[in-house]
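Let's take a walk through this one together. Keep the sequence and the 3D view open as you read.

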Amino acid sequence: MAIIEAHGIRKSYGSLLALHDVDLAVEEGEILALIGPSGSGKSTLLRVLDLIEPANEGELSIFGIDVVAERGRWLDLRRRMGMLFQRPIVFNASVYDNVAMGLRYRRASGDEIDRRVNEALEAVGLSRYTRSRATDLSGGEQQRVALSRVLVTDPEVLFLDEPTANLDPTSTATIEEIVMRLNREAGMTVLISTHDLAQGQRLAHRVGVMIEGTIAQTGPSSDVFRAPKDRRIARFVGVQNIIPGRVVSRTEGLTTVEAGGRQILSATPPPADKVEIVIRGEDVSLHRREPMHEEAENLFPAMLTRIEPAAPFVNVTVHCGCDLVALVTARRADALGLREGVGVWISLQAKAVHLIPLTGH
Amino acid sequence: MVNGNPIVEGFIEAIELIIALDPQVVEITIRSLYVSLTATFFAALIALPLGALIYFYEFRGKHAVVSTLQTLYALPTVIVGLVMFLFLSNIGPFGFLRLLYTPGGMIVTQTVLIIPLLMGLTVSALSGIDRDKRYTITALGASRLQTVMTIISEARFAVMAGVLLGFGRAIAEVGSVMIVGGNIRGATRVLTTAITLNTSMANYSLSIALGIILLSVALGVNLALSLVQRR
Amino acid sequence: MRTNTTLLTAGIIAVLLILALCAGCTGTAPDGNATPNATTAPPGGANVVRIATTTSLENTGLLAELERVYENETGVDLQFISQGTGQSIDSGRRGDVDLVLVHAPDLEQQFIDDGFGINPRCIAYNYFIIVGPESDPAGIANMSPVEAFQAIYTAGTNQTAGVAFVSRGDNSGTHNQEKVLWEEAGYDYEADVLDAGAWYVEAGKGMGDTLILANEQQAYTLSDEGTYLSFADRLDLVPVVAEGAELLNRYSAIAVNPEQHAEVNAEGAADFINWLTSDETKEMIGEFGTEEFGKPLFTPLYAPECTEPPFNCTCAEPVPT
């Protein structure tokens, strides 16, 4: 059952359009990561979904309740959810009082507050700071205070807005671990926004890519990474090669595309006549000699024109009618004796060649 | 000058007056504190809720109201004195209150004088609570009232700093209390007006003694201010 | 935030306690001399008499002495607001005070003619004096007051070195007297004197301040004798012209007419005027300053002398209460 369903959400601040045409369904118990560049509207969308601020237009239902029609129930609904923000936010009070805030708003009894706050602080490893002033803690500790302040209220849905963007790797790992455990053990639904692709892949069952105020693509992270729907998504998920081309023919489940005088086979059905070929650098294999038993559908010679270190890999640019960038480990680049000006052979599986329609730019 | 250096002598006598707790010095000091503390108390009572109201409610012309308040920070005290004098004088609209030339009138005047300052500083103090904090409060499930209370509580040190500044302005000003209070010995004479009068009577030692006390009060306020701001 | 709320509450209670304490302190201070039945009266009520008066009286210290004695005798709280004579009379016109104690016969007469002042009683007099630097750069010693003013004017407009005149410039009784002298010397005050040049300085302040200013600039000024004597030990200035009927300085008390302002404390004002005109009080006024300055600052007026020129005023008849 979808715990959150949004259709056609639009939100603007004055003349600035922050969200438009957002459609999203979040299933109960899943971890959904919103990825996208800064300023793409991830934070705004989370605030709209957490009922912190209203959308200007669109339909939104949360826990099966139409929240556009029922403004009066927002406070109750909001109290069933929780949100952690990017910047560690603590209030000028003791750690205990910070964590107790949500429970006090819900008018929990003193005993219950005491029990749950102490439990929550135990869980994030901050028990010894209970009486300290929260503003005196380090950034990582403050974020853990903020997290336990949210968790102590037992939210059914947890929103995390770039929760680890400002943190050191250890604090990041702690927070990721807690979130994954809560999802696994308590079935908590989690929406996390991040611009860190790896974090999205690590945590989420499903990712949604936000580009310029709308969700451009949702699906399992492998889909989004290998088969981005358009050029902007492809760029954001880090595809090195986006090459314009023309569909020549379609036979036996393979599409032939011509680019720079070279014919390339792709497993993607042709989306249009004029296309762009999307190839991830790590899918391009380099060889010094023509491979004998290569099963890849595409195999052709090329000239190596540039080598750029990108530790622990090197970006190797080759020319074979069109420029192609391959991602090779530094060790393998050494073993192959790669240097500028040498001739190489390239092999590329048709499955690794993704096609998107050519857009105006 | 005929009798040696009046400044040095005045200073020595001033110290003696303070150490001996000269009844006149004590009385004027206590009255000054009483008038300005009471004025600050009432001004806070009025200005803090009004400032909070301005901050929490969106309305047309809000920006204009806030910048008007900020302009009024620099309101010349004699102007306030003149206006309050005209209001409180027997022929003025509030003459029937018989507050002119009374400590009550001075309290009202200082209250009016510092209300814009306290309101403006309250708005700034609350505005100092950043957007993310407000989002956090909302996200934690605070009702409208709980949100207001949390924001006020979070801004309490900044608000207190504003109140202290207001008190400092009230106790240090001379223009309006001179006009409205009339500087009556034993009734409306406060530190600043007593210094003015005694200087005009060439009674430097008393002036210096009262000046030292006024300076100490101002110093105390600043000390409290820096303590508060360090929180 | 429980701990902080507690702290905050404690702080507020502490402030309230301090306020209450201060209210207690000052509450007793002004009432210290009052009789028990009087303390319950509202402020501005029967136990308080407000008097607008001149800075020249306040600066001599006479008022403080009168206040001390009267409050001891009657328990009435006398409140003196010292302003210029013009401003004092205006306070009376508005009914902001119960009586005025001033020294400008022309302004007083108008105050009475307009129906705002009643029961005028002259109390005492002394003389205005023209004080100036001992070197007397305008050479006015032994001149009559009018001649002296003419000499100062001529020297001033001719830019004679060291000649300057400091005026009160505050529409006070002394300032008024100065204007009269300029007119008698043949000048139009507004047209001829005000913009006569840098030598004519307007202080816009009380008598004491004006004397101190004149002393700093080594200039001539017109002062009442009382204030000059009480400031003499801090001044290098000397009396240059001290004789002449034009320099007479008469102080009068005038009650504010309760028919114009019903709220004024007419009874308290009448009582105080009657006390001022009593022989014991006049005796006290006549002795005031002898100890400190070697000679009295004021000469009290007695009947029938006061009814004759140059005084022409009432000084003995009790005011009906």
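In H3(A), the buried residues are A:Val95, A:Tyr96, A:Asp97, A:Asn98, A:Val99, A:Ala100, A:Met101, A:Gly102, A:Leu103 and A:Tyr105. Helices (H or I, at least four residues) and strands (E, at least two) are DSSP runs, numbered from the N terminus. Just after H3(A) comes A:Arg107, with a positive phi of about 55°.

A word on the ground rules: this is a predicted model, where local features need pLDDT of at least 70 and side-chain atom pairs count only at pLDDT 80 or more, but totals for chains, interfaces and linings use all residues. Residues are numbered from 1 along each chain as its sequence is written, and chains are lettered from A and ligands numbered from 1 in the order in which they are written.

H3 also turns up where the two chains meet. Chain A puts 19 residues into that contact and chain B puts in 13; two residues are in contact if their C-beta atoms, placed from the backbone, lie within 7 Å. On the chain A side, helix H2 (74-78), strand E6 (81-84) and H3 each give two or more residues, and the largest share, 3 residues, comes from H3(A). By class, that side has 8 nonpolar, 4 polar and 7 charged residues. For the classes, Ala, Val, Leu, Ile, Met, Phe, Trp, Tyr, Cys and Pro count as nonpolar, Asp, Glu, Lys and Arg as charged, and the others, Gly among them, as polar.

Stepping back, chain A is divided into domain 1 (2-231) and domain 2 (255-357), with bounds from an automatic or database domain assignment. Their C-alpha centres lie 40 Å apart. Where they touch, 6 residues of domain 1 are in contact with 5 of domain 2, and the domain 1 side has 2 nonpolar, no polar and 4 charged residues.

Now find strands E9 (residues 206-211) and E10 (residues 214-219) of chain A, which run antiparallel and are joined by 5 bridges; strands pair if DSSP finds at least two bridges between them. A:Met210 has A:Ile215 in E10(A) as its bridge partner. The two strands form a hairpin with 2 residues between them, and A:Glu212 in the turn has a positive phi of about 45°.

How values were computed. A residue is buried if 20 or more other C-beta atoms lie within 10 Å of its own, exposed if 12 or fewer, and partly exposed in between; C-beta atoms are placed from the backbone.
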